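Colleague: Before I use this model, I would like the terms behind its description spelled out. Please take me through them one by one.

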Amino acid sequence: MAVPFYGRASAAVFSPLESLSRSELVVRRLTDAIALGLLPDAEQLPGELDLAGIFGVSTVTVREALSVLRSEGLIETRRGRGGGSFVRTPEDGIGHLARRRLDRFSLGELRDLGDVYSAICGASAALAARRSSPDDVARLQRVADALEHAEKPDARRRADAQFHIEVATAAQSPRLYHEEVSLQAEFGTLLWLAFGDDGSHAQMVRSCRAVVAAIADRDPRAAREAAEQRVADSTARLIDYQLSEARA
Amino acid sequence: MNAPNTRLSPTDIAPVIAAVAEIADHAFGVATAIGTAVEKALTGRPAPRRTDLAAVEPLVVPVLGDGNQPVQGAGFVAAPGVLQDVEWWLEWFARDADGRPQRLITHSEPQAIGFYDYQHLPWYVVPRESGQRHVTGPYVDYLCTEEYTLTFTVPVLVDGRFCGVGGADVAVKSAEQALLPALRASGQRIAVVNGFGRILSSNSGRHLCGDLLEGVDLDQLPGEQRVGDLPLAVVAID
């Protein structure tokens with residue numbers, strides 16, 4: 001099989017589905033992976049049999065899901081030698097997919113996601129403040145620099161995602177890391193809709209620096225507070241964005 | 001209270017040191033064999049390609065397939081620019097959830113979200129800078145295992161030029177299983193720590209794997225508490 005590991009973050013994409021696994025869930029999981037950029041344009045998907053094995057569903061279910069993705073223009077299937085299903089990122093970019101997902105959430109649900117994300121990010125930052133070695137701090141500082149110097153929205157979002165991953169890693173907790181990754185897939189991609197312009201970027205750089213400073217000072221309380229504030233700012237921006245979109 | 005610089009009785013800690021050394025020798029054995037194979041394959045090739053690394057897979061797969069040894073991932077990580085057909089490359093294999101060896105697939109395109117810049121990571125940087133083998137971790141390895149991991153790496157030089165690292169991963173969980181009998185048999189509270197004082201394993205519930213012990217300085221420790229020249233040592237706690 002060609003895709004047993006996808007490197008970081010993909011664990012969430014290629015983990016077994018809940019018991020009510022149906023083609024709809026497969027569609028959603030693969031759409032999210034495309035929206036997140038985990039499956040970049042032109043990437044070949046594993047074969048039907050492999051997908052069925054990965055998701056723990058029948059090949060019939062996989063075939064249904066692929067046909068939906070095909071009709072939405074998200075994959076293209078080529079026959080013959082070197083054939084298979086290939087990802088096609090929509091022409092208006094992955095932001096369009098994220099917007100479509102955003103519409104499925106009420107404002108209350110977004111707040112709830114923000115609460116969970118805040119709990120995970122806060123706990124990660126507090127543990128990182130207790131457990132970071134000097135090279136962990138140096139790495140966090142480097143990612144913070146990368147975030148500050150990123151100029152395009154996409155680069156800013158990537159650096160922000162990387163920063164969250166590094167904090168969870170510095171906490172020395174594989175479980176918190178996994179929670180971070182799956183929340184990034186579920187919620188981080190939505191937060192990106194309202195992040196990337198100069199105003200939000202400046203705010204995120206400031207709060208990022210605050211988290212790193214608290215971790216470097218080995219101050220768990222300050223680190224937790226700064227990380228929670230960072231999520232609260234992002235969530236508020238997203239909800240404002242959703243309200244303005246709904247009006248438009 | 002930590003007492004990392006307290007002198008420990010050599011008879012008490014020798015079995016722990018021996019257990020750590022056994023894991024390290026095994027993992028470095030795998031990493032070195034990979035390094036040697038890559039060196040041989042690339043020597044005299046001015047423009048090597050991915051296909052020139054074909055010798056790695058048959059070396060690694062039988063090791064990973066043997067569930068009685070602790071290495072769960074191994075391979076060669078190319079220095080950027082060494083290969084002609086791809087700038088960044090990991091010729092890396094790891095056990096999947098069912099214990100079968102599989103090739104690691106990562107994005108080698110720097111703009112992709114899954115792209116992974118290893119040029120700043122200690123398992124790559126330390127062998128490159130020092131020319132010496134290195135143990136990284138315990139750390140959360142988000143490239144490959146997504147687990148708490150130790151990574152053993154050796155520099156690979158071809159005609160005197162650094163070309164990448166050969167490496168082997170051991171899960172902290174496996175290392176702990178191998179170390180616990182000796183740790184439990186010890187009459188003192190002790191911990192195995194890395195160069196930062198980060199605990200790999202201990203025989204105390206108050207000092208857990210991943211925690212940092214203050215004031216650990218490997219260079220100040222007597223030789224019998226250290227694991228050879230590696231950044232690993234046994235120290236007293238409580």
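Modeller: What follows sets values from the model against the definitions behind them.

Colleague: What should I know about the model and the numbering?

Modeller: This is a predicted model, in which local features need pLDDT of at least 70 and side-chain atom pairs count only at pLDDT 80 or more, while totals for chains, interfaces and linings use all residues. Residues are numbered from 1 along each chain as its sequence is written, chains are lettered from A and ligands numbered from 1 in the order in which they are written, and side-chain values use heavy atoms, with hydrogens and water left out.

Colleague: Why is B:Ala171 called buried?

Modeller: Buried means under 20% relative accessible area, exposed over 50% and partly exposed in between, with a 1.4 Å probe and protein chains only. B:Ala171 has a relative accessible area of 2%, so B:Ala171 is buried. In chain A, 52% of the 248 residues count as buried.

Colleague: Which residues does B:Ala171 touch, not counting residues up to four places away in sequence?

Modeller: Contact means heavy atoms within 4.5 Å. With that sequence limit, B:Ala171 touches B:Pro70, B:Gln72, B:Glu147, B:Tyr148 and B:Thr149. B:Ala171 lies in strand E6 of chain B; its C-alpha atom is separated by 16 Å from that of B:His134, 37 residues away along the chain.

Colleague: What makes H3(A) roughly perpendicular to H4(A)?

Modeller: Helices (H or I, at least four residues) and strands (E, at least two) are DSSP runs, numbered from the N terminus. Axes are lines fitted to C-alpha atoms, for helices over the stretch in contact, and angles run from 0 to 180 degrees between N-to-C directions. Helix H3 (residues 48-55) and helix H4 (residues 59-71) of chain A pack at about 105 degrees, with their axes 9 Å apart. Angles under 35 degrees count as roughly parallel, over 145 as roughly antiparallel, 65 to 115 as roughly perpendicular and the rest as oblique. The angle therefore makes H3(A) roughly perpendicular to H4(A). H3(A) contributes A:Glu48, A:Leu49, A:Leu51 and A:Ala52 to the contact, and H4(A) contributes A:Thr59, A:Val62, A:Arg63 and A:Leu66.

Colleague: How do you know that E4(B) and E5(B) pair?

Modeller: Two strands pair if DSSP finds at least two bridges between them. Five bridges join E4(B) to strand E5 (residues 148-158) of chain B, and the two run antiparallel. One bridge partner in E5(B) is B:Thr151, which goes with B:Thr136.

Colleague: Why are E3 and E4 of chain B called edge strands?

Modeller: Strand E3 (101-103) and strand E4 (134-140) each pair on one side only. The open sheet has six strands in the order E3-E2-E1-E6-E5-E4 (chain B), with antiparallel pairing. Helix H3 (residues 122-130) of chain B packs on this sheet, touching E1, E4, E5 and E6.

Colleague: How many bridges pair E1 and E2 of chain A?

Modeller: Strand E1 (residues 75-78) and strand E2 (residues 84-87) of chain A pair in the antiparallel sense over four bridges. A:Ile75 stands opposite A:Val87. Five residues lie between the strands of this hairpin, where A:Gly80 takes a positive phi near 85 degrees.

Colleague: What counts as a nonpolar core?

Modeller: A nonpolar core is a set of buried Ala, Val, Leu, Ile, Met, Phe, Trp, Tyr and Cys residues joined through side-chain atoms within 4.5 Å. The largest has 73 residues, with B:Trp123 and B:Phe152 making the most contacts inside it. Helix H1 (residues 10-42) of chain B gives the most to this core, 14 residues.
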